Amino acid sequence: MEKKYVLNLKLHMMKTLLKIICLMILLQKSVIAAETASQTIQTVLSEVLEIEKVYVATTPYNKNDFFTNVAIENVNTADPNAYILSLTPMSVQIRTNLKSPIYVDAEFLEMIHSTQAYQIPASELNFSPTTHTISTPYNGVVTGNFVPIITTTVGVLEGLYNGKVMFTLGKL
């Protein structure tokens, strides 16, 4: 009788296991429940305001490149001994995510003869205009032209000159 009891118990357990398997197949749901969590996050995106390119006439240069196509575009006579030289216009392309007004300043820092024999005085180096204001900036905006101006005299050493210009960006 004990063997029959054990056999019935085994048969009962197998039937129960078969029912559980059938239920799982019919329901096609996982026995393990998924758990989810939701969080609110907050971050601040930093402001971007930088020079992307400088154009000399229509030629784009990276901001640290040497500008190879600057030339005298126009010569005006201020008096019999003084000349005003207008060089190739320059403009600045800006990379930004700002929406408030910005400005771009241009400064003509130096102009030195390639042999170092003569330096044009800083007071004779200018831009026209010296500032551009951009009221509604967007990424990739290009300023109007900055024209480098040199006031010089008849006695200035002729030859190749190397100069430095600086563009500064800022928020208004």
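Here is a short briefing on the chain shown above. It is a predicted model, where local features need pLDDT of at least 70 and side-chain atom pairs count only at pLDDT 80 or more, while totals for chains, interfaces and linings use all residues. Residues are numbered from 1 along each chain as its sequence is written, and side-chain values use heavy atoms, with hydrogens and water left out.

**Overall make-up**
- The chain holds one helix and eleven strands; these are DSSP runs numbered from the N terminus, with helices being H or I of at least four residues and strands being E of at least two.
- Along the sequence, the pattern reads α-β-β-β-β-β-β-β-β-β-β-β.

**Surface and contacts**
- Of the 172 residues, 25% are buried, meaning under 20% relative accessible area (1.4 Å probe, protein chains only).
- The accessible surface is about 12,700 Å², and carbon and sulfur atoms account for 58% of that surface; the area comes from the Shrake-Rupley method with a 1.4 Å probe.
- Take the contacts (heavy atoms within 4.5 Å) between residues at least 6 apart in sequence: 70% of them join residues at least 24 apart.

- Four strands make an open, antiparallel sheet in the order S3-S4-S10-S8; two strands pair if DSSP finds at least two bridges between them.
- Strands S3 (72–79) and S8 (125–128) are at the edges with a single partner strand each, so one side of each has no neighbour in the sheet.
- On average, neighbouring strands of this sheet are turned by 25° against each other, direction ignored; the axes are lines fitted to C-alpha atoms.
- S8 is joined to the antiparallel strand S10 (residues 147–153) by four bridges.
- Leu-125 sits opposite Ile-150 in S10.

How values were computed. Buried < 20%, exposed > 50% of the residue type's maximum accessible area, 1.4 Å probe, protein only. Axes fitted to C-alpha atoms, helices over the stretch in contact; angles between N-to-C directions.
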